[in-house]
Structure formats: C-alpha cells, structure tokens
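I opened the model to look at its sheets and then at the ligand site. My notes follow in the order I looked things up.

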Amino acid sequence: MAILIGDTAPDFTADSTEGPIHFYDYIDGHWAVLFSHPKNFTPVCTTELGYTAKLKPEFDKRGVKVLGLSVDKLEDHGGWAKDIEETQGTALNFPLLADTKGEVARLYDMIHPNADNTLTVRSVFVIGPDKKVKLKIEYPASTGRNFDEVLRVIDSLQLTANHSVATPVNWKNGEDVIIASSLSNDAAKEKFPNGWKEPKPYLRIVPQPRA
Ligand code: BEZ
C-alpha cells in the first residue's frame, strides 16, 4: 500500500552517519523532512545534499528535522560526505541513513521497480509533528529537486496548520493568502475583522496572518 498524504509516517530504525536512528525518537514532535538519494558518489545527489546542508539554518528556523537516505553502505557515506564538503562548500550537517537492505526505501515506496529495481527515486516526505505525511514529492533520478520549493511548502504547511487559510499559486512567505472555503463569512469576520478582497464569493483574499 502506498503511503499517501494524511497517512501516519511509518516508524523505523536504521544506521546513519550520526549513529542509529529510531525515526519517531528522532523527530520527537518536530516537523521532519525525509528524502531519498538513488546512490552514493553520484553527481546530482552530491549537489542536492550540499544545498540541503546549506539550507539547514532555514530548516532549523522552522523547527524541521532533516534526514537523508541512501541505500549504500555506511562505510561509503563518510567518503562521500568529504566529497560533498569539498565540491559544494558545506559539510553534511544532518544524518544520512545507510539503508543497505532497502528496508526504509520499501517502507516508503521510494523504489519504483519500473524505473529501477534497486535504486530509489528522489522522494521527499514532509511529516508533521503529529507524524502524519503532509507532503510527498517524487522526482526521477535524473532530475535534481528544488529544496527552496520544499522550504516554501513547509512555510505553507505550517501557516495553514495554524490559521484557516490556504496559499495561492506560487505563494511565498509574507504574501496574501486565501481564506479557507470551510470558513463561513460570519466566522471569517471574526478571524479577519479588517475584511478581505472578494473578486468572487469563493475567492476571499487577506494579508498573511502573523503567528
Ligand atoms: C545522480 O545523482 O547524479 C544520479 C543518481 C542515479 C542515477 C542517475 C543520476
């Protein structure tokens, strides 16, 4: 059974560059990003891991724990981490799982056999503090992911988890948002006493609520 948005993220224990990881203990009530890499010592993965390490302060600011996964051996991760630091200018600063038996990869459907029988695709799971899957993205091995987009979605997920709003196309943190359709106009007046723009009755636009 595929893991879908809204499902509980499965727990697991696996070795990593920072010692054994028991997933639920690792996330410990935080938001989390779990993302897979098809193979060690490969160019696209090298750039992705370096860039994600650069973004670590941004993940920290949002209270997000980052966890990478590769199905290669832990002994190889160290040498690859050195290459990542050398070529991308940032050292790996979050754990990288060594999922040599592909157990976690299979648990999360990161292996798509018609693409490749052993390597993972580029999966990204964002998991909420309630351990539910909030976002799932899958890219083929040949296309590097956009981790600025992952951060952008986390901003939307964290905002919409706390306010009765949704975020429009290409929204970025700080821009106007949409009042959730589930909120009646009477309820919206209480939450947004300064009113809203309403080009259509179903499209009610307000400034982004502040924390
Ligand atoms: C890469 O990271 O460059 C890569 C990995 C597996 C297949 C294709 C490309």
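**Entry 1: the mixed sheet**

In which sense do strand E3 and strand E4 pair, and over how many bridges? I looked this up first, bearing in mind that the model is predicted. Strand E3, residues 31-37, pairs with strand E4, residues 64-70, in the parallel sense. I count 7 bridges for the pair.

Next I traced the whole sheet. It is open and has 5 strands, in the order E5-E4-E3-E6-E7. The pairing is mixed. Why is one side of E5 and of E7 left without a neighbour in the sheet? Strand E5 (96-98) and strand E7 (133-139) stand at the edges with a single partner strand each, so one side of each has no neighbour there. From one strand to the next, I get an average twist of 20 degrees.

**Entry 2: helices on this sheet**

I then checked what packs on the sheet. Helix H4, residues 74-88, does, and touches E3, E4 and E5. The direction of H4 makes about 150 degrees with that of E5. I also found helix H6, residues 147-162, lying across E3, E4, strand E6 (122-127) and E7. H6 runs at about 155 degrees to E3.

**Entry 3: the ligand site**

Which residues are around the ligand? I list Pro 38, Thr 42, Pro 43, Val 44, Cys 45, Arg 122 and Ala 141. By class, this shell divides into 5 nonpolar, 1 polar and 1 charged. Helix H2, residues 43-54, supplies the largest share, with 3 residues.

A polar side-chain atom of Arg 122 is 2.9 Å from an oxygen atom of the ligand. A polar backbone atom of Cys 45 lies 2.9 Å from a ligand oxygen. For Pro 43, a polar backbone atom is 3.3 Å from an oxygen of the ligand. How much of the ligand does the protein bury? Taken alone, the ligand exposes 260 Å², and the protein buries 77% of that.

**Entry 4: the antiparallel sheet**

Inside, I checked strand E9, residues 177-179, against strand E11, residues 203-206. They run antiparallel and are joined by 2 bridges. The bridge partner of Ile 178 in E11 is Ile 205.

How values were computed
Residues numbered from 1 in each chain as written. Predicted model: local features only at pLDDT ≥ 70, side-chain atom pairs only at ≥ 80, totals over all residues. Heavy atoms only, no water. Pairing = 2+ DSSP bridges. Helix = DSSP H or I, 4+ residues; strand = E, 2+ residues; numbered from the N terminus. Axes fitted to C-alpha atoms, helices over the stretch in contact; angles between N-to-C directions. Contact = heavy atoms within 4.5 Å. Near = heavy atom within 4 Å. Polar contact = N/O pair within 3.5 Å; in protein donor to acceptor, adjacent residues only side chain to side chain. Areas by Shrake-Rupley, 256 points an atom, 1.4 Å probe, with all protein chains shown as cover. Nonpolar A, V, L, I, M, F, W, Y, C, P; charged D, E, K, R; others polar.
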